[in-house]
Amino acid sequence: MCLFTKTGIFLPEPPELILDANMAREQHVKAGNTLRLSAVIKGIPFPKVSWKKEGQEVSPKADIEVTGVGSKLEIRNTVHEDGGIYSLTVENPVGSKTVSVKVIVLGNYFWSLYNYTNRVSRKTRYLFNLYDFFSFLTFSVPHEKNHIVISIFFLIPVPPYVELDVKLIEGLIVKAGSTVRLPAIMRGVPVPTAKWVTDGNEIKTEGNYKIDTDSYSTVLTIKDCVRKDTGEYFLTVSNAAGSKTVGLHLTVLDVPGPPTGPINILEVTPEHMIISWRPPKDDGGSPVLNYIVEKQESKKASWGVVCSGISQTKLKVPRLQKGCEYIFRVRAENKIGIGAPLDSTPTVAKHMFDPPSPPGKPVVSDITENAATVSWTLPKSDGGSPITGYILERREISGKWVRVNKTPVLQMKFRATGLFEGNTYEFRVFAENMVGISPPSPVSDPIKVSHKTRETADLVWTKPLKDGGSPILGYVVECQKTGTTQWNRINKDELIPQCAFRVPGLIEGNEYRFRIKAANIVGEGEPRELPETVLVKDILSPPEIDLDVTCRDLITVRVGQTIHITGRVKGRPDPDITWSKDGKVLVQDKRVEMVHEFPRIELQVKEATRDDHGKYIISAKNSSGHAQAFALVNVLDRPGPCQNLKISYVTKDSCMVTWENPIDNGGSEITNYIVEYRQPNQKGWSIVASDVTKRLVKANLMENHEYFFRVCAENKIGPGPVIETKTPVLAINPVDRPGPPENLHIAETGKTFVYLKWRRPDYDGGSPNLSYHVERKLKDSDEWERVHKGSIKETHYMVDKCIENKIYQFRVQTKNEGGESDWVNTSEVVVKEELQKPVLDLKLSGVLTVKAGDSIRLEAGLKGKPQPEVVWTKDRDATDLTKSPRVTIETTSNSSKFVLTKSKRSDGGKYVITATNAAGSFVAYATVNVLDKPGPVRNLKISDISSDRCTVNWDPPEDDGGCEIQNYILEKCESKRMVWSTYSAAVLTMHANVTRLIEGNEYIFRVRAENKIGTGPPTETKPIIAKTKYDRPGPPDPPEVTKVSKNEMTVVWNPPEYDGGKSITGYILEKKEKRALRWVPVTKSAIPERRKKVTDLIPGHEYQFRVKAENEVGLGEPSLPSRPVVAKDPIGTVVIYFTVIKIKH
């Protein structure tokens, strides 16, 4: 819902009440005083306001005021019936709100006299019962010709009550270490006792607790409060009439406690850990803003911050070093500060699990001429983390292990390809989990990839691990034809000594099985059978070339070293190998050697030269196909000679040496160039620069000396051959003919002359000695005429003796030792006198401001043809300024200067400059402000004269001196002394109140205005006498003592009948003991009230009081003293004994 008003659209808001202090809990008011209840009201639209008492309309005597921000209820002259529950209700369409307050009116009650008889007898006892607080009564009991005067103090029991500050009721919040005061005002008859309690225990003055209690108040002070001082504090005041308990809450803010432990390590890896904790049990009274997490290596003493602004209770700690032990600590932070830390237990940065154990021994099967299948079993343990894959490696016998699979495999079987016939291989396996790789498995039994043809089969094997204690004498090979069970011995006559054998006599198309047995002196051992059957056939395969790893990238060698290119080739039948470079087939010679031991191939180029670098191509070809591979070879050598060495820009002290890169950089980047020079009569070379990276350098020379230069390039192998200049260079400045003059133009023409101007040429030809030639010619003439003798050194020249109204053209050239430049011509011009209207360029921006006494200087640029006449005037006054002895005017062809010395205030104004010639006139204006001291102030008057003060008024001066008045100086003097003294030197207004005058003295005042230049002349007043038309007040009536105790009395009095013509501003109360002579002031300064509670009295002593009234004139005479009163406590319900005294008339 929205509200539409003339000023806009508003969203409605429910009513809200903000209570003033007079609406808090209970309100106590004395009868006859004014009751005030008020509150601030908010809400849109503004709520309807209603006040109720006990649910009924309030008394008509109540004044209710409602404003746009709140409401107030006021009842004057309260009586006992005005007490009760008052409620305030505010309501609008959005909602309503009601608050209540209990009001107790404490009134002046009545007293009664019991056992009263119509006849007052001597020594008769009377009982008085009064209901009030302290009451002092004076009354008379008349009886015939006798009467008595009774003065009684009554003490009536009243239940106690407590007054607390609203802030304490709402709750007090302090910082730890502060000192807290919890004050409370207590009332009751008799004086109540106070008891402070917290957490069920009574608080006494000890430690950091201190309780100060007197008859009217009690204060609990807590010094250096700590967090544990937070809680509810209860104050109980009690006396014979009852008790009252109030509570207040104290919150002590401190830094938070340590987080709740322990620190849990949720995840541990070599690179990071995840930790968590719980919030602190004590947040220090303020919400935790964030946590600060730090880490420390156990071997180090310093802590490093991991995070200082995390609000969660969980954190990932990154960038740990594997194997290091770490301790973490966490601290909580609130708005007060950072709390104590919570440390973790030391934890090593490693995986929470272990690598797996090695897999089982691999088994090789399904062997072909270039592949085999390897299988293995699960490791005994996965290390607590699942196996993520297996890594297979192979090696040739006694060779290096090579990884077979690029990425881990999940299966426990893998087909290893890329094997070469005739080679013997072993295999091993690694298992891998998230922690790492296991140790290797046991090595597999060696296997050999055999060679098979359509009639033979080549078998290869290795020696048995055990020889039976006797050397192996040889081997027996047996074969079995598929479909039969008989094994036939192949080598029937003798043992095979080697571990290889070609089985002959096989029939193409049949399948065979083979087994081998070792034999020693004892006999033949157990056979080892080839795992698979062999089909006898001729297998054809195209060539494949596999270069060694070292040859796959760029092969780099130095000059003189040997180039090695190695690889493996397979194919059936054995392919033909061809090596070539740059399109040429390589043949074996003294430097080139080719090795073809299938499957291994190698090319060696001995004593390599720079020309051996390039691309080497290996071609393998058989009946099944063709294959190629290549290797890039770089032969490092020194770079070749630089190209195109040139010397340029030769001067008497330097020259520029330039060159181009060598054609061959030697196979390595050029690192720098070395530049040297020598004179023809010298054999040794001197270095110009040895670290040049650019292809030019400046060489410093000696004048008139000849030099040879040479340059060489250098790479990481060394410097290359040099290139030299063939002819020497002479160090002299070359002189060339100069450039033509710049910006030639006609500056001025006259009746018979032309004035030419130009600028020096940008290029002087190498010589600073420049001169110029100037020539002219008439329009219809073809001949140029030199207009001067010799040469002109300046860059301007006036050509005279021209014929008026003729058309001329002019030209100028430059000359030096190297020759003359080209001519530069002007345009055609008519020689005649020009008319130009005057122009004044006043060199002044804004207003010229000078101090009085300084000179006024004005200058204006002047143009015009013929030469204008300049006249200076002021404020359009026809008076010629040149007649003044203080004025100097200097006018030239291009300017006019005006100087006026010893300036005065009257010299300020507008100056007019007029320039006139035959072509016209020009007027310029200059405004000048001369700053001086201000003039005298005006209309100086004195008013409000009294005995010790008066008021001085004035108007500002007519002339402020050209700048703002900063202040006024007020002085005074007594007529009889005539000595001036400064009353104030910084009066900012145009009036001043002068005090501390002496009554009856005659005074004169004077005032001067002051600006930033100085102080103006003074203006004086007529003499005045300090006196007043008012008087001091008269003495008041004797004061009365209304309430008495052993330590204090309350004194009241009435104002004096005569106030001296001025309102009473206050009173001075004095006291003395009855037998003392000296009166002692009770108040240091005048008080406006006519009641004063006098404290710190001595019990049992008798006191008297008197009062003085004060107005603006002074302090009046004291009143008569009060009757003597003894300082002692009265008693409660009093039984009074008195004697009737007969008084004779």
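**Strand pairing, salt bridges and surface patches**

Me: Which residue in E45 is the bridge partner of Val-476?

Reply: The model is a predicted one. Strand E42 covers residues 474–481, and E42 pairs with E45 in the antiparallel sense over 8 bridges. Within E45, Val-476 has as its bridge partner Lys-517.

Me: How many of the 9 residues of strand E45 are buried?

Reply: Strand E45 spans residues 511–519 and is mostly covered. Lys-517 counts as buried because its relative accessible area, 12%, is under the 20% cut-off. For strand E45, the number of buried residues is 7.

Me: Which residue in E47 is the bridge partner of Tyr-512?

Reply: E45 and strand E47 (residues 534–535) run antiparallel and are joined by 2 bridges. The E47 partner of Tyr-512 is Val-534.

Me: Which residue in E46 is the bridge partner of Arg-515?

Reply: Strand E46 takes in residues 528–529 and pairs with E45 in the antiparallel sense, over 2 bridges. In E46, the residue bridged to Arg-515 is Glu-529.

Me: What is the distance between the closest N and O atoms in the salt bridge of Glu-524 with Lys-517?

Reply: Side chains of opposite charge can pair when their charged atoms come close. In their salt bridge, the closest N and O atoms are apart by 3.1 Å.

Me: How many residues apart in sequence are the parts that the pair of Glu-524 and Arg-489 ties together?

Reply: The side chains of Glu-524 and Arg-489 meet in a salt bridge, at 3.2 Å from N to O. Glu-524 lies in the loop between E45 and E46 and Arg-489 in strand E43 (residues 488–489), so the pair ties together parts whose separation in sequence, in residues, is 35.

Me: Is Arg-489 buried or partly exposed?

Reply: Arg-489 belongs to a network of salt bridges that also links Glu-478, Arg-515, Lys-517 and Glu-524. The relative accessibility of Arg-489 is 30%, and a residue between 20% and 50% falls in the middle class, so Arg-489 counts as partly exposed.

Me: In which strand does Arg-329, the salt-bridge partner of Glu-294, lie?

Reply: Glu-294 forms a salt bridge with Arg-329, with the closest N and O atoms 2.8 Å apart. Glu-294 lies in strand E27 (residues 290–297), so the pair ties together parts that are 35 residues apart in sequence; the place of Arg-329, within residues 325–333, is strand E30.

Me: Are Glu-294 and Arg-329 buried or exposed?

Reply: The salt bridge between Glu-294 and Arg-329 is one of 45 in the model. As to cover, both Glu-294 and Arg-329 are buried.

Me: What is the relative accessible area of Val-66?

Reply: Val-66 is in strand E8, which covers residues 63–66. With Phe-46 and Ile-64, Val-66 makes a nonpolar surface patch of about 240 Å². Val-66 is partly exposed, and its relative accessible area is 44%.

Me: In which strand does Lys-1093 lie?

Reply: Lys-30, Arg-187, Arg-1091 and Lys-1093 form a positive surface patch. Lys-1093 is partly exposed, with a relative accessible area of 42%. Lys-1093 falls within residues 1091–1094, which make up strand E94.

How values were computed: Residues numbered from 1 in each chain as written. Predicted model: local features only at pLDDT ≥ 70, side-chain atom pairs only at ≥ 80, totals over all residues. Heavy atoms only, no water. Patch = residues over 30% accessible without salt bridge, like charges linked within 9 Å, V, L, I, M, F, W, Y side chains within 5 Å. Areas by Shrake-Rupley, 256 points an atom, 1.4 Å probe, with all protein chains shown as cover. Salt bridge = Lys/Arg side-chain N within 4 Å of Asp/Glu carboxyl O. Lys, Arg positive; Asp, Glu negative; His and termini not counted. Charge placed at Lys NZ, Arg CZ, Asp CG, Glu CD. Helix = DSSP H or I, 4+ residues; strand = E, 2+ residues; numbered from the N terminus. Buried < 20%, exposed > 50% of the residue type's maximum accessible area, 1.4 Å probe, protein only. Pairing = 2+ DSSP bridges.
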